[in-house]
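Here is a short report on one structure. Look at the model first, then read on.

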Amino acid sequence: MIEVEHLSKIYGSTAAITDVTFSVEPGEILGFLGPNGAGKTTTMRILAGYLPATNGKAKIAGYDVHENSLAIRQKIGYLPETPPLYPEMTVEGFLHFVARIKGVSAGDRRQKVEAAMQRCNLQEKRKVIIRKLSKGYRQRVGIAQAIVHDPPAIILDEPTVGLDPRQIIDVRNLIKSLAGTHTIILSTHILPEVSMTCSRVAIINRGKVVAINTPENLMTQLTGGSGYELEITGEAALAKQVLQNVSGVILVESMPTSYQNRPHLRVISEPGTEPGKDIAAALIRGGFDLYEMRRVSASLEDVFLQLTTEEKNLQPETDTAETEGENA
Ligand SMILES: Nc1ncnc2c1ncn2[C@@H]1O[C@H](COP(=O)(O)OP(=O)(O)OP(=O)(O)O)[C@@H](O)[C@H]1O
């Protein structure tokens, strides 16, 4: 449904995105996850037909987003970071207006606007002037305007930014309810958002896609799904240096200090390694006291941190070689 091939965008001397390639299957929700400035908005705007790419191609529902930008606007729903709302219109009036400019026929408009309001839980607010709505309701109107013409593909740029926790849950549930019947790309810098809402995740960092997979596979492929939490005494920064040199350790991060104010660290190990004994030995040798050491499962956060701080790429999965000889 969405195919992106070798997309690049250069602003003056800044490469905002470089060689971005991915595809999204019909009915899927793909999370586009990256830190600030990673290139999410640039990619979303190119896909929505609002920004030409410097190189590469993107197609949605078979249409090239650049060559057929008018057709694309009917085939997609787009929610930019700041929803394009007319504050003096009522919710219903605005959605009728958007439906008209998106090419919905006069005969279908009432039904489409009703369906979008129902989906976004806006019926009670239909007569309210948009300016008077809370931020959460305005975001729902933003999503309603993106789906009012019932497009097969929806592009949502940071749809939950600035919402309170209750509103975030509502908007995420709304997005999830659109999966299956719509193909969705959702950009975000919030990790729980992708694990809660998306079937696959593309992690983008400094303009490049550094990993793309299901949240579960990202965790197991990259980290083997395991690590350790440590409570120690001494300088956390020094302990981190010591631990980084232990064979099998790929990431060490600081956690909030324990209630006794002792440094608390999380260590992620390479898949298939068990460096627990070496971690303990290295700490003791380094003069640190080890108060607690627990095995923990890796989280998507670990994957994200690793990919966006060290820029390690995922190796393609290999199902041969490594066990050769073991069964002999
Ligand atoms: N119009 C522009 N002119 C020059 N540089 C730009 C422009 N728009 C974006 N950039 C640069 O391109 C890079 C990617 O920006 P982009 O807005 O796509 O990132 P993002 O992942 O959406 O970030 P955020 O989460 O902060 O919105 C950044 O380095 C940014 O400074």
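This is a predicted model: local features need pLDDT of at least 70, side-chain atom pairs count only at pLDDT 80 or more; totals for chains, interfaces and linings use all residues.

Around the ligand sit Tyr11, Thr14, Ala16, Gly34, Asn36, Gly37, Ala38, Gly39, Lys40, Thr41, Thr42 and His189. Two elements, β2 (14-24) and α1 (40-47), each give two or more residues to this shell. Helix α1 supplies the largest share, 3 residues.

## Helix pair α3 and α5

Helix α3 covers residues 91-101, and helix α5 covers residues 135-147. Their axes lie 9 Å apart, and the packing angle is about 25°. The pair is therefore roughly parallel, since angles under 35 degrees count as such. The crossing of α3 and α5 is right-handed.

Which residues of α3 and α5 meet? From α3 come Val91, Phe94, Leu95 and Val98. From α5 come Val141, Ala144 and Gln145. This contact of α3 with α5 has 6 nonpolar residues, 1 polar and no charged.

## Open sheet

Four strands form an open sheet in the order β2-β1-β4-β5. Pairing is antiparallel. Strands β2 and β5 (63-64) are the edges, and each pairs on one side only. Strand β2 also gives two or more residues to the shell around the ligand.

Ile60 stands opposite Tyr63 in β5.

How values were computed. Residues are numbered from 1 along each chain as its sequence is written. Axes are lines fitted to C-alpha atoms, for helices over the stretch in contact, and angles run from 0 to 180 degrees between N-to-C directions. Angles under 35 degrees count as roughly parallel, over 145 as roughly antiparallel, 65 to 115 as roughly perpendicular and the rest as oblique. A crossing is left-handed if the near helix is turned anticlockwise from the far one by less than a right angle, and right-handed if clockwise. Two residues are in contact if their C-beta atoms, placed from the backbone, lie within 7 Å. Ala, Val, Leu, Ile, Met, Phe, Trp, Tyr, Cys and Pro count as nonpolar, Asp, Glu, Lys and Arg as charged, and the others, Gly among them, as polar. A residue is near a molecule or strand if its C-beta atom, placed from the backbone, lies within 6 Å of it. Two strands pair if DSSP finds at least two bridges between them.
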